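Please read this report alongside the sequence and the model.

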Amino acid sequence: MKVAVAGCCHGALDKMYETLELLQRRHNVRPDLLLCCGDFQAVRNEADLRCMAVPAKYRHMQTFYRYYSGEKKAPVLTVFIGGNHEASNHLQELPYGGWVAPNIYYLGYAGVVRFRGVRIGGISGIFKSHDYRKGHFECPPYNQQTIRSAYHVRNIEVFKLKQLKRPIDIFMSHDWPRSIYHYGNKKQLLKMKSFFRQEVESNTLGSPAASELLQHLKPTYWFSAHLHVKFAAFMQHQTNSKEELPKATKFLALDKCLPHRDFLQIIDIEHDPSAGDSLEYDAEWIAVLKATNSLVNVTQSSWNMPEKNGLHAKWDYSVTEEAIKEVLEELNHNLKIPCNFTLTAACYDPSKPQKHVEPVHTINPQTTEFCAQFGLTDINDRIQQAKEEGSVRGEYEEEEEEEEMDSTGSAEEPSEYNTDNSGLSSINPDEIMLDEEGGDEDLSTCSVDPSPDHPPDFSASFSDIRIMPDSMAVSSDDAMDSTNEELEKSGVSKQVEEKSLNERPLKRIGGNENGNSGIKKIKRRNQAIYAAEDEDKTE
């Protein structure tokens, strides 16, 4: 089957689907599935815009609301993960995944599904060491810290994915796996994006958590976005024994969705011709969710996943064939994901703007149904209960006071990963300017531009095969004190600081970043994305 892959969508759904229709008209190429690697921006209304960590000038409604309201319908089944420019309040409603609109499915914080026998997994958000070991505690209305931390990857999601044993065909992450740039045309990458050089040479560009997953899952394909540049790589994985067959991963990072830019790639994927056309649950993933349900945490206290280190009675949460069989029996061997999309918020009406609407914490009926069916914890319900009991609120307010007293450091325990960027001049290193110039060039070696005038050919994108040395593998045993918490916590000072969102009581709907002001110029990759206060005031 043909799979279309897109990078950062930034809410331009009409453009994506129009491009697919143009490919069909000109070249008779019609994809069976569309994958989007984050920054999807499923914005339904003005309240959702307030939950996006972007400058005021980038808070545009775009076109998703038309698909949410039913005015339009996605012409092809679309599956996406979250990035760092999202309506976090909307995606938070579906921690285990679900439909954000008819025919548009979100994978959740982490998830695995099947389509025509092809196994597709993904993890949402970006890596940030000081939030990695926290629980999912955030909920709207967000403040200037939680509006960012809400999209940071957590160790529990990585832990769940590492329990998988069966092969993964396709995996998606928003930020790149760390070190992947060593397996493609690195010279060309640095020629086009010279401001990556320091991080590439120090091996700090990308996510160490994603790198760990890449080593463990060894998927056939891995797709990413985030850096707004197209780049291909081919990684030959090391085998653990002579009997194990060698595995390789084809990596592709996609550019952002902009006019006159090649932001789509069409790939031919082997599939099961006897499988149906419906999106399906993955039985092993459901079994893993059930097995790890006791690990769900909604506090902001740092904690480690169980390890074989003598401190935990149980550390292996992978599931048996019997457990997978039980899931199949629970579902009567019908794995089809129900089309149970439900409106949970008012849809944007251009004729009746509501600029001052505040976001509320919503319990989505899809999540309620999913948790009830499989006996899982509804994370949002747990957060709301904790808020009502005052436990989480008390911890949260106490931490806010500590941050106000000392905003230059971090009280977090040492990171699980070595994230020392102290030698770099990075400011807010996980952010990319949305209007960044350049990046039009195709870094996929020998590949054909996937434009309407040139039918794409993914198979020609990989010409360099390399094996990752053991020294570059990342594991939890590499734990070191993170010496760059100040850099990670810092950004451009009050001149680029968003106003704190006002706290409001929660409603249940059923059914100061400081930096060095003396820095005159910083690399484009590390320019702070947050707007100046005067931009917010003119909103």
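Predicted model: local features only at pLDDT ≥ 70, side-chain atom pairs only at ≥ 80, totals over all residues.

Residues are numbered from 1 along each chain as its sequence is written, and side-chain values use heavy atoms, with hydrogens and water left out.

## Helix H11

Helices (H or I, at least four residues) and strands (E, at least two) are DSSP runs, numbered from the N terminus. Buried means under 20% relative accessible area, exposed means over 50%, and partly exposed lies in between (1.4 Å probe, protein chains only).

Helix H11 spans residues 283-291 and is mostly covered. Of its 9 residues, 7 are buried. They are Ala283, Glu284, Trp285, Ile286, Ala287, Val288 and Leu289.

What do the buried residues of H11 pack against? Their partners are strands S6, S7 and S13 (279-281), together with helices H7 (155-161), H12 (321-330) and H13 (365-374). Contact here means heavy atoms within 4.5 Å.

The N-terminal end of H11 is capped by aspartate 282. One of its side-chain oxygens lies 3.3 Å from the backbone nitrogen of glutamate 284.

## Salt bridges

A salt bridge is a side-chain nitrogen of Lys or Arg within 4 Å of a carboxyl oxygen of Asp or Glu. By this rule the model has 18 salt bridges. Three of them are tabulated here.

| Glutamate 93 | Arginine 44 | 3.1 Å |

Take the salt bridge between glutamate 93 and arginine 44. This pair links distant parts of the chain, 49 residues apart. Glutamate 93 sits in the loop between helix H4 (88-92) and strand S4 (98-101), and arginine 44 in the loop between strand S2 (33-36) and H2. Both glutamate 93 and arginine 44 are buried.

Aspartate 282 lies in the loop between S13 and H11 and arginine 114 in strand S6, so the pair ties together parts 168 residues apart in sequence. Aspartate 282 is buried, at 1% relative accessibility.

Glutamate 284 is buried at 2% relative accessibility, and arginine 119 is buried at 1%. Salt bridges that share partners join Arg114, Arg119, Asp282 and Glu284 into one network.

## Nonpolar cores

A nonpolar core is a set of buried Ala, Val, Leu, Ile, Met, Phe, Trp, Tyr and Cys residues joined through side-chain atoms within 4.5 Å. The largest has 116 residues. Phe40, Ile104, Trp176 and Phe223 have the most contacts inside it. H11 supplies the largest share of this core, 6 residues.

Beyond its neighbours within four places in sequence, tryptophan 176 touches residues including Tyr181, Leu189, Leu227, Val229, Phe231 and Phe251. A second, separate core has 8 residues, among them Leu49, Val54, Tyr58 and Tyr65.

## Local features

Asparagine 380 is found in helix H14 (residues 379-389). Is asparagine 380 buried or exposed? Asparagine 380 is buried, with a relative accessible area of 1%. Its side chain makes a polar contact (N or O atoms within 3.5 Å, one able to donate a hydrogen and the other to accept it; residues adjacent in sequence count only if both atoms are side-chain atoms). The partner is the side chain of histidine 361, at 3.0 Å. Leaving aside neighbours within four places in sequence, the contacts of asparagine 380 also include Gln92, Glu93 and Pro95.

Glutamine 62 has phi near 55°, a positive value in a residue other than glycine. Glutamine 62 lies in the loop between helices H2 (46-49) and H3 (64-69) and is partly exposed, at 36%. Arginine 116 also has phi near 55°. Arginine 116 lies in the loop between strands S6 (110-115) and S7 (118-123) and is buried, at 17% relative accessibility.

The peptide bond from proline 140 to proline 141 is cis, with omega near 0°. Proline 141 lies in the loop between helices H5 (129-132) and H6 (146-149).
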